[in-house]
Amino acid sequence: MTTEVRVPTLGESVTEATVATWFKKPGDAVAADEMLCELETDKVTVEVPAPAAGTLGEIVAGEGETVGVDALLATITEGGSAAAAPAASAPAATSDAPAGDAGAATDVMVPTLGESVSEATVSTWFKKVGDSVAQDEMLCELETDKVSVEVPSPVAGVLTEITAAEGSTVDASAKLGVISGGASGAVTPTPTKDETAGGAQYTTPPAGQGGPAKDVANAPSAEKAMAEAGLSSDQVQGTGRDGRIMKDDVARAVAAAAAAPAASTSAPAAAAPVRAPVAADDAAREERVKMTRLRQTIAKRLKDSQNTAAMLTTYNEVDMTEVMALRNEYKDLFLKKHGVKLGFMSFFTKACCHALKEVPEVNAEIDGTDIVYKNFVHMGIAAGTPTGLVVPVIRDADAMSFADIEKAIAEKGARARDGKLSMAEMQGGTFTISNGGVYGSLMSSPILNPPQSGILGMHKIQDRPMAINGKVEIRPMMYLALSYDHRIVDGKGAVTFLVRVKEALEDPRRLLMDL
């Protein structure tokens, strides 16, 4: 039986990749999920695992070739004897288990981390060596740049070895520990070729201090780029497997080299952003904590958004009297029928979906020199969690009822706080709502969530004196802020969008009548 090896999904808006490296050659035996090759896109590096065990047949796309999504890369001829070959040739997994228990030792491996996520940091071990564990009991927690992943015990037994300590970075196929004394017949996963004898994972060295081993070839596209830029491999920091230099690494090195002369001509403070001196008695009272991967990603994405988009914010205010009255009138009946509380977010979500139909450019994105208009609304709802800000996405919010929206917000909000959101649940949003009012914010300018072109900022509801029909009345008012990408959204469109949201909230009947 022949199994095809095809290009996996490469990520949002990515349609092609370059075959960087083949780890196997035709005729080699491969195990299921063993890494066959590495693809390189303009954004990420993607490893392609074997879909089945067997023998690698024809390689259709060689190193350096450009392939599209779902393109055929190679074929695998399945066979029982071939499937067992890698396990026989691989080094045995190390274990502290007694000799009599060797057959019951089970490796704890890194679970699936999500699309385009290739590594994680071990944040916490809940068990220590020698502890007894039950099947499915949580052993440790991994932290990626998006979510936290809990690792359950695959079997019951005793944790005899921890190969990835807290704070270490592991790749998607790494071993975390060993459990001995499990159920008879438990299968010990084959160690991957990235695992060293001590279980330590490869750490990318700084440029000029090591690099790929002599028998590890750099990506063909990287070799070409280095030749064109006049760089040697010791001037580039490799981030690929085993320190392999990828095309993106060369681009970063070229950019750094170009920035160096400019920095040298600027003021010394700009050239070397060094922390100001701290008095000895103050330093003794400080606490230095490494940024989590999630916080680093938040910082990078928000700064990239400022550097890329022509961001502008327009403001308005909304009288919440009618929405509050409608909510108070029907909240008990709503809860009784739908089993979820009626909040303000469903009103704002509905109002935004209504306004996005009239001003579609706020729901669009820029792709190179094209504008991509979305004929649907995948609404991102920003949520604060103990570890940082995440934005779960409610898909097709424009086709949902108030009850469906409230249920989706409650469910995703709870999963976000527990760190249980998957990568897929935070991708594909077309517009975002951020509610700083829950923390007491009266006014703010939200930052775009790229590649989106608009984000609505909600704020605190506060009683203020307002002139109503020539009289001063106290009304519950909220400031609204729309940040938008001026490259695609003009001022007229942004103001029109915000006015439509205001009108829909001040007279919710307009939502029912599509006005």
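**Ground rules**

I am working with a predicted model, in which local features need pLDDT of at least 70, side-chain atom pairs count only at pLDDT 80 or more, and totals for chains, interfaces and linings use all residues. Residues are numbered from 1 along each chain as its sequence is written, and side-chain values use heavy atoms, with hydrogens and water left out.

**Whole chain**

I looked up the secondary structure and found 11 helices and 27 strands in the chain. Both are DSSP runs numbered from the N terminus: helices are H or I with at least four residues, strands are E with at least two.

Next I checked burial. Of the 515 residues in the chain, 42% are buried. Buried means under 20% relative accessible area, exposed means over 50%, and partly exposed lies in between, with a 1.4 Å probe and protein chains only.

Then I checked contacts, meaning heavy atoms within 4.5 Å. Among contacts with a separation of 6 or more, 64% come from residues 24 or more positions apart.

**Aromatic pairs**

I searched the whole structure for aromatic pairs and got two. Rings of Phe, Tyr and Trp (its six-membered ring) pair if their centres lie within 6.5 Å; planes under 30 degrees apart are stacked, over 60 edge-to-face, and the rest tilted.

Phe347 and Phe402 make an edge-to-face pair, because their planes stand at 65°, with ring centres 5.1 Å apart. Phe347 belongs to helix H8 (residues 345–358) and Phe402 to helix H9 (residues 402–417), so this pair ties together parts 55 residues apart in sequence. Phe347 is buried at 3% relative accessible area. Phe402 is partly exposed at 22%.

Phe431 and Phe497 form a tilted pair, 5.4 Å centre to centre with 55° between the planes. I traced Phe431 to strand S24 (residues 431–435) and Phe497 to helix H10 (residues 491–506), which puts the partners 66 residues apart. Both Phe431 and Phe497 are buried.

**Charges over rings**

My rule here: NZ of Lys or CZ of Arg is within 6 Å of the ring centre and within 35 degrees of the ring normal. Arg327 has its charged end over the ring of Phe344, 4.9 Å from the centre. Arg464 does likewise over Tyr479, at 4.3 Å from the ring centre.

**Salt bridges**

Side chains of opposite charge can pair when their charged atoms come close. I took a salt bridge as a side-chain nitrogen of Lys or Arg within 4 Å of a carboxyl oxygen of Asp or Glu. The count came to 18 salt bridges.

Glu358 pairs with Arg500, their closest N and O atoms 2.9 Å apart. Glu358 is in helix H8 and Arg500 in helix H10, so the bridge ties together parts 142 residues apart in sequence. Glu358 is partly exposed at 42% relative accessible area, and Arg500 is partly exposed at 23%.

Glu425 meets Lys412 at 3.3 Å, N to O. Glu425 sits in the loop between H9 and S24, Lys412 in helix H9, 13 residues apart. Glu425 is buried at 15%, and Lys412 is buried at 14%.

Glu473 and Arg475 also bridge, at 2.9 Å, N to O. Glu473 is partly exposed at 30%, whereas Arg475 is buried at 19%.

**Helix H7**

The expected span of a helix is 1.5 Å times one less than its number of residues. H7 (residues 321–338) has 18 residues and should span 26 Å; I read 24 Å between its end C-alpha atoms, which agrees. H7 bends by about 50° at Tyr330, the angle being taken between axes fitted to the seven residues ending there and the seven starting there. Gly339 follows H7 with a positive phi, near 75°.

**Helix H9**

Which residues of H9 are buried? They are Ala403, Ile405, Glu406, Ala408, Ile409, Lys412, Gly413 and Ala416. Their cover includes H7, H8 and strands S20 (379–381), S21 (383–385), S22 (388–390) and S23 (393–394). Gly419 follows H9, and its phi is positive, near 70°.
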